[in-house]
Amino acid sequence: ALDSAVPSLLLQPPVENAIQHGIGPLQSGGTIEIEARRDGACLAIHIRDDGQGLGVDASGGEGTAGIGLANTRARLRHMYGDMQRLDITPRPGGGVVVSLRMPLRRSERPD
């Protein structure tokens with residue numbers, strides 16, 4: 001997946017959320033993992049943290065997307081239509097996984 005094109009700043013909101021809302025509130029430690037792999041004709045990217053997990057929002061439900069992730073979701077939809085996904089899921093034992101899926105495109109790198 002190293003030669004795959006990823007839209008500029010697409011990973012910034014989920015990684016920032018993992019830092020700020022996931023591992024930031026912990027007393028110590030915390031890990032963020034970023035994985036990118038080819039999955040058929042798609043690029044799958046997973047951002048995992050082992051932080052405090054999904055919080056409860058003001059309506060009493062689990063919080064799953066703030067402005068940054070909502071904008072990322074809208075941007076993916078605009079760029080790729082129905083050929084994309086952004087999922088936010090809790091990790092067993094704590095933390096969150098943000099999974100992005102989009103059509104695989106090769107980057108235009110000079111040799």
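## Helix packing

Angles over 145 degrees between two axes count as roughly antiparallel. In this predicted model, α1 and α2 pack at an angle of about 155°, and their axes are 8 Å apart. The two helices, α1 and α2, are therefore roughly antiparallel to each other. Their crossing is left-handed.

On the side of α1, the contact is made by Pro13, Pro14 and Asn17; on the side of α2, Gly68, Leu69 and Thr72 make it. By residue class, the contact of α1 with α2 divides into three nonpolar residues, three polar and no charged.

## Overall organisation

The chain has two helices and four strands. Along the sequence they follow the pattern α-β-β-α-β-β.

Of the 111 residues of the chain, 30% count as buried. Taking contacts between residues at least 6 apart in sequence, 58% join residues at least 24 apart.

In soluble globular proteins, nonpolar side chains tend to be buried together. The largest nonpolar core of this model has 15 residues, and those that touch the most other members are Ile45, Ile47, Leu76, Leu86, Ile88, Leu100 and Met102. The most is given by β4, with four residues.

Ile47 is one of the core residues named above. Not counting residues up to four places away in sequence, Ile47 touches Leu11, Pro14, Val15, Ala18, Ile32, Glu33, Ile34, Val96, Val97, Val98 and Leu100. Among these partners, Leu100 is also listed with the core residues that touch the most other members, while Pro14 also takes part in the contact between α1 and α2.

## The segment before α1

Two residues of this segment are described here. Ala5 is found before α1 and is partly exposed, with a relative accessible area of 26%. The C-alpha atoms of Ala5 and Arg106 are separated by 5.2 Å, although the two residues are 101 apart along the chain. Leaving aside neighbours within four places in sequence, Ala5 is in contact with Arg106 itself and with Leu43, Arg105 and Ser107.

Most residues other than glycine have a negative phi. Leu9 is not a glycine, yet has a positive phi of about 60°.

At a relative accessible area of 48%, Gly24 is partly exposed, because the exposed class begins over 50%. The C-alpha atom of Gly24 is separated by 8.9 Å from that of Gln52, a residue 28 places apart from Gly24 along the chain.

Gly30 also has its place in the loop between α1 and β1. Gly30 counts as partly exposed, at 37% relative accessibility. Between the C-alpha atoms of Gly30 and Ala18, which are 12 residues apart along the chain, the separation is 9.7 Å. Leaving aside its neighbours within four places in sequence, Gly30 is in contact with Ile23 and Asp50. Ala18 is also among the residues that Ile47 touches.

Key: Residues are numbered from 1 along each chain as its sequence is written. This is a predicted model: local features need pLDDT of at least 70, side-chain atom pairs count only at pLDDT 80 or more; totals for chains, interfaces and linings use all residues. Side-chain values use heavy atoms; hydrogens and water are left out. A nonpolar core is a set of buried Ala, Val, Leu, Ile, Met, Phe, Trp, Tyr and Cys residues joined through side-chain atoms within 4.5 Å. Buried means under 20% relative accessible area, exposed over 50%, partly exposed in between (1.4 Å probe, protein chains only). Contact means heavy atoms within 4.5 Å. Axes are lines fitted to C-alpha atoms, for helices over the stretch in contact, and angles run from 0 to 180 degrees between N-to-C directions. Angles under 35 degrees count as roughly parallel, over 145 as roughly antiparallel, 65 to 115 as roughly perpendicular and the rest as oblique. A crossing is left-handed if the near helix is turned anticlockwise from the far one by less than a right angle, and right-handed if clockwise. Ala, Val, Leu, Ile, Met, Phe, Trp, Tyr, Cys and Pro count as nonpolar, Asp, Glu, Lys and Arg as charged, and the others, Gly among them, as polar.
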